[in-house]
Amino acid sequence: MTDSLPHAPQGWPAFQPGWVWLCGAGPGDPGLLTLHALNALRQADVVVYDALVEPAILDWAPGAEHIYAGKRGGKPSSVQRDISLRLVELARAGKRVLRLKGGDPFVFGRGGEEAQTLVQHDVPIRIIPGISAGIGGLAYAGIPVTHRDVNQSVTFVTGHDQSGNTPQTLDWAAISRGSQVIVIYMGMKHIGQIAGALLDAGRAPSEPVAVVTQATTGDQRVVETTLARCADDIAAAALEPPAIICVGRATLMRQALDWQAMAAGAAPRNTDPLDRGRPAESA
Ligand code: SAH
C-alpha cells in the first residue's frame, strides 16, 4: 500500500487469505480502536461493517472493499444468517475478511453466533475485542461504571430480545437487588417498562439515571434524569438510539468528571457528587 497511514511493525499477526477476523470497532471515536483492529484494517481485502460502526473508521482501510451489513432493531434472524453466510462466501473466495462490529463483538453483538457459523463452515477466525459502549461510552460522559463508594458489581442488560420485546427471561427484581449499577443496552424503546419494573422492585424514584446517545462521537448527547422521570425526559429531549442508559449513583460522578466539558474549556470542579461528607481527596 502506498498511503501514509500507519502499518503494524514486524511480528504482528498477518491477515491470511480465507480468514475472517471478527473485530470490535469500539463505540464510535476512531481513537478507541485497538492496535489489533488497526492492523486488521490495514490488511483487509474486504470490510463488512455494521450500522453502529462510525463511518470515519472505514477511512483507515482505504484499500479495502467496504460492505454494509447493517441491521437495526429486532429484524428477523434470517438477516443475521445471511450476513454469516456472506462472510463464509467471501472467505472461501480467498479474501481477507474483516468483520467489523460496533463496540465489542461479543457484547450484545451476535459475534458469538457469527463466529460459530464461520467455524461450522471450516472458516478460520480471529477475534479482536473492542471497547464496549456500556463502558467506554459511559466513560466519555464522565461516568465510571464502578466506583468504590457506589458499587461492587455492575450488570449489563439488553432492553429487548430477538423479537424486539423486553426480555421476558430477565428477572428485573433480582437484577435490581443484586446490582447497584445497571447498564442497559438497546433500552430506549422499552425504557418506561424497564424503569417501572425497577421501581416495582424497590429502587427509589429519585435514583439517578444517565442516558448517553451516540456516545464518543461528535454528536454525543447526555441527559441526566431519575428513574421516575427518565421515560418522560427521554421523550422530551427527543433522544434517538443508539443510547446507553446507566441506572445508579455512579452517574452522579459526571458532575465532577465531565472531562469533555473540560476539553471544551470548563474549569475542573472540586465537588463530591456522592456527598460523602468528607473531602474527595481523602477517599
Ligand atoms: N457490541 C456493542 C453493542 C451492540 S448492541 C457494544 O459492545 O457496544 C447495540 C446497542 O449498543 C445500542 O442499542 C446501544 O444501546 C449501544 N451502543 C452502541 N454504540 C453506542 C454508542 N456510540 N452510543 C450509545 N449507545 C451505543
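Trainee: Which atom of the ligand does a backbone N or O atom of Ala-215 lie 2.8 Å from?

Mentor: A nitrogen atom of the ligand. Keep in mind that this is a predicted model. Pro-27 also has a backbone N or O atom 2.8 Å from a nitrogen atom of the ligand, and a polar backbone atom of Asp-104 is likewise 2.8 Å from a ligand nitrogen.

Trainee: How much of the ligand's accessible area does the protein cover?

Mentor: On its own the ligand has 540 Å² of accessible area, and the protein covers 95% of that.

Trainee: How many residues surround the ligand, and which are the closest?

Mentor: The ligand is surrounded by 17 residues, and the closest are Pro-27, Asp-104, Val-107, Ser-132 and Ala-243. Sorted by class, the shell holds twelve nonpolar, four polar and one charged residues.

Trainee: Which domains does the shell draw on?

Mentor: Domain 1 (20-131) and domain 2 (134-275) each supply at least three residues to the shell around the ligand. Those two domains come from the domain assignment of the protein. Their contact takes 13 residues from domain 1 and 15 residues from domain 2. The C-alpha centres of the two domains lie 27 Å apart.

Trainee: How is the size of an interface usually put into a number?

Mentor: Often as the accessible area lost when the parts come together. Here, about 990 Å² is buried between domain 1 and domain 2, with carbon and sulfur atoms giving 64% of that area. On the side of domain 1 that touches domain 2 there are six nonpolar, two polar and five charged residues.

Trainee: How many salt bridges does the rule find across the interface of domain 1 and domain 2?

Mentor: Zero salt bridges. For polar contact, the rule finds three residue pairs across the interface of domain 1 and domain 2.

Methods. Residues are numbered from 1 along each chain as its sequence is written. This is a predicted model: local features need pLDDT of at least 70, side-chain atom pairs count only at pLDDT 80 or more; totals for chains, interfaces and linings use all residues. Side-chain values use heavy atoms; hydrogens and water are left out. Domain bounds come from an automatic or database domain assignment. Contact means heavy atoms within 4.5 Å. Buried area is the accessible area (1.4 Å probe) that two parts lose on being put together, summed over both. A salt bridge is a side-chain nitrogen of Lys or Arg within 4 Å of a carboxyl oxygen of Asp or Glu. A polar contact is a pair of N or O atoms within 3.5 Å; within protein, one must be able to donate a hydrogen and the other to accept it, and residues adjacent in sequence count only if both atoms are side-chain atoms. Ala, Val, Leu, Ile, Met, Phe, Trp, Tyr, Cys and Pro count as nonpolar, Asp, Glu, Lys and Arg as charged, and the others, Gly among them, as polar. A residue is near a molecule or strand if one of its heavy atoms lies within 4 Å of it. Accessible areas come from the Shrake-Rupley method with a 1.4 Å probe; for residues, only the protein chains shown count as cover.
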